[in-house]
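Biologist: I am new to this structure. Could you show me how to read its sheet and one of its helices?

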Amino acid sequence: MARVCVMIMMMVAMVLNMAIGEPIAPCYFIFGDSLVDSGNNNQLQSLARADYFPYGIDFQFGPTGRFCNGKTTVDVITELLGFDDYITPYSQASGEDILRGVNYASAAAGVREETGRQLGARITFAGQVANHVNTVSQVVNILGDENEAANYLSKCIYSIGLGSNDYLNNYFMPLYYSTGNQYSPDSFANDLINRYTEQLRILYNNGARKFALIGIGAIGCSPNELAQNSRDGRTCDERINSANRIFNSKLVSLVDYFNQNTPDAKFTYINAYGIFQDMVANPSRYGFRVTNAGCCGVGRNNGQITCLPGQAPCLNRDEFVFWDAFHPGEAANVVIGSRSFRRESSSDAHPYDIQQLALL
């Protein structure tokens, strides 16, 4: 029933946008990791790539580098904002196409520079922001005037979703990183928030005024973590989830701080953790039957090795919350993206959902 409601909500939003004839925000800039990467890692020397089948098996353009069988959360949000095509990855963006926005996300990227290095090349949060500064100079050239560019960019949506890899591929990976010994969960979250804040200030100084900060999900419930750390293959790793909640609570405080201290900008927090937990706690409400295993993968929970090239995935993909060892499938992304755009519960977003942010 809930899935039907989500689909109806998406259709209503898209019909309204079609009636208006243009997106409710002129552009959408996306910063993140593999949850929203749409192809920026395809040309990198990296193990964190998804430009092969069966990734994209349900996507209209096939394998594009999205770590999913179909649409990511930002693809869903892009549709709901009223764009008639998905936002182009930075590696492919050129000319006036950048006026619609750019997707800078890179799989394995983190807030910290070293995060994900064991997987090879990736574009860190600071690298993504540097790429955006380059984009802004191109926007100024296209529009012909810094004031015109500033006015234009002030209406765009900027979504930022990083931090997951700083836990998954750093803090809780003692074989490769020392941060788990150097920091308590609270002090590590503080370090991430301080670095995150620096990048937000750079974005602000380059014209960003509408920010959606996406909280990190319950990483301790991913098939990969369940395969490694769960005796029954179902009970989430609370040690990891607790650290994730500490980071998210500080991200909420950061949103409040910026809203109180930058009156010409609007910030909001998207509670991806809470939306995900609702899907896992009430799977039948959304049409899910499997919450603890990947549709595609190898080993326990299909989570010990992620989806391999040419591997046959499950057939009932919409019944799985997870597509592979780490990433939600399209069905889950539709729920998360829809509730990010237009909250279903007051806890989904604070203080605005993305639709409200766009209309401010």
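**Reading the sheet**

Modeller: In β2, I157 is the bridge partner of Y28. Helices (H or I, at least four residues) and strands (E, at least two) are DSSP runs, numbered from the N terminus. This is a predicted model: local features need pLDDT of at least 70, side-chain atom pairs count only at pLDDT 80 or more, and totals for chains, interfaces and linings use all residues. Residues are numbered from 1 along each chain as its sequence is written, and side-chain values use heavy atoms, with hydrogens and water left out.

Biologist: How many bridges join β1 to β2?

Modeller: Two strands pair if DSSP finds at least two bridges between them. Here 5 bridges join β1 to β2 (residues 157-161), and the two run parallel.

Biologist: What is the strand order in the open sheet?

Modeller: The order of its 5 strands is β1-β2-β3-β4-β7, with mixed pairing. β1 (28-32) and β7 (349-350) are the edge strands, each pairing on one side only.

Biologist: Which residue stands opposite L213 in β4?

Modeller: Y269 does. β3 and β4 run parallel, joined by 5 bridges.

Biologist: Now a helix. Which residues of α3 are buried?

Modeller: An α-helix has 3.6 residues a turn, so residues three or four places apart point the same way. Buried means under 20% relative accessible area, exposed over 50%, partly exposed in between (1.4 Å probe, protein chains only). In α3 (residues 125-143), the buried residues include F125, Q128, H132, V136 and V140.

Biologist: What covers the buried residues of α3?

Modeller: Contact means heavy atoms within 4.5 Å. The cover includes β1, α4 (146-153), β2 and α7 (185-205).

How values were computed
Expected span 1.5 Å × (residues − 1).
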